[in-house]
Amino acid sequence: MKKITAKPRPILTPQLVQMLATYNPDGSVDVMNAAWGGQLDADVIILSLSADHKTVENLRRTGCFTLGIPSSKDVIDADFVGLVSANDDPNKFEKTDWHASKSAVIDAPVIDELPMTFECKVLRYIDEDELGFYVIARVVDILFNEDILNDKGQPDVNRMDLLLFSPIDASYRKMSDIVAPAFRCGAAKKGK
Ligand SMILES: Cc1cc2nc3c(=O)[nH]c(=O)nc-3n(C[C@H](O)[C@H](O)[C@H](O)COP(=O)(O)O)c2cc1C
């Protein structure tokens, strides 16, 4: 197949839609959309953040955040919190349909409606400059809403109805069907 080349641009697709929630200095909630990031280790994640976000000021003060993973029905609020900064609109969170309660283990809000939430503590910031940095964080706990558990008490991806971000065409999408079981379907080729 003939390939065409292109300059680097942020189009690694698909990405998870992630809601990064922190406390403002007055105890109100801020949340932003943070697609650039992922799992680094069993209990370590990384995010790429621009320096001018209110979230960044909050992170530097508390050292804690939650990363809530929305479902497709959260799409409007997920996009909204990625378009508006709490620096410009301090009532940003109140304009969403979400509610928050304080995490039992860290100084950060948990958004009740989001089916899966990672409770995180900042380990370190790397490659800091005036534009931003990468934050490496320890996941200290994961919360699942009961309504996405299967009858064995395990999280069920279908019930989560996860929202994905497709940067190639700037769209939000749903996760689709299972193609094959991971760590198993390739085994038939072993030893051939
Ligand atoms: C789909 C989407 C993905 C985004 N991903 C990131 C990201 O990974 N890192 C980042 O710094 N900003 C990202 N943003 C932008 C922030 O969410 C946005 O600037 C937000 O208003 C910051 O809010 P705050 O100032 O209240 O913290 C994204 C926005 C959208 C819509």
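Buried means under 20% relative accessible area, exposed means over 50%, and partly exposed lies in between, with a 1.4 Å probe and protein chains only. The structure is a predicted model: local features need pLDDT of at least 70, side-chain atom pairs count only at pLDDT 80 or more, and totals for chains, interfaces and linings use all residues. Residues are numbered from 1 along each chain as its sequence is written, and side-chain values use heavy atoms, with hydrogens and water left out.

View 1. Asp161 is partly exposed because its relative accessible area is 24%. The residue lies in the loop between helix H3 (157-160) and strand E11 (163-166). Helices (H or I, at least four residues) and strands (E, at least two) are DSSP runs, numbered from the N terminus. Phi of Asp161 is about 55°, although Asp161 is not a glycine. Most residues other than glycine have a negative phi.

**View 2. Phe183 also has a positive phi.** Look in the segment after strand E12 (171-174) for Phe183. Its phi is near 65°. Phe183 counts as exposed because its relative accessibility is 89%.

**View 3. A cis peptide bond joins Thr13 and Pro14.** Omega is about 0° here. Pro14 sits in the segment before strand E1 (15-16). Most peptide bonds are trans.

**View 4. The ligand takes up the space of the largest pocket.** A pocket is found on a 1 Å grid over the protein atoms alone, as an open set of points where a 1.4 Å probe fits, with protein on both sides within 12 Å along at least five of seven lines. A molecule sits in a pocket if more than half of its atoms lie within 2 Å of the pocket's grid points.

**View 5. Polar atoms of the protein lie by the ligand at Thr55, Ala35 and Ser50.** A polar contact is a pair of N or O atoms within 3.5 Å. A polar side-chain atom of Thr55 is 2.5 Å from a ligand oxygen. A polar backbone atom of Ser50 is 2.9 Å from an oxygen atom of the ligand. At Ala35, a polar backbone atom is 3.1 Å from a ligand nitrogen. On its own, the ligand has 650 Å² of accessible area, and the protein covers 87% of that. Such areas come from the Shrake-Rupley method with a 1.4 Å probe.

**View 6. Helix H1 has buried residues.** They are Lys54, Thr55, Val56, Asn58, Leu59 and Thr62. Their cover includes E2, E3, E5, strand E6 (64-69), strand E9 (116-126) and strand E10 (132-144). Gly63 follows H1, with a positive phi near 70°.

**View 7. Thr22 is in strand E2 (residues 19-23).** Thr22 counts as buried because its relative accessibility is 0%. A polar contact of 3.0 Å joins its side chain to that of Asn58. Contact means heavy atoms within 4.5 Å. Not counting residues up to four places away in sequence, Thr22 touches several residues, including Ser28, Val29, Cys64 and Pro109.

**View 8. Leu47 is in strand E5.** Leu47 counts as buried because its relative accessibility is 2%. Leu47 and Ala137 are 90 residues apart along the chain, yet 8.4 Å separates their C-alpha atoms.

Conventions
Polar contact = N/O pair within 3.5 Å; in protein donor to acceptor, adjacent residues only side chain to side chain. 1 Å grid on protein atoms, 1.4 Å probe; cavity = no way out; pocket = protein on both sides within 12 Å on 5 of 7 lines; lining within 4 Å.
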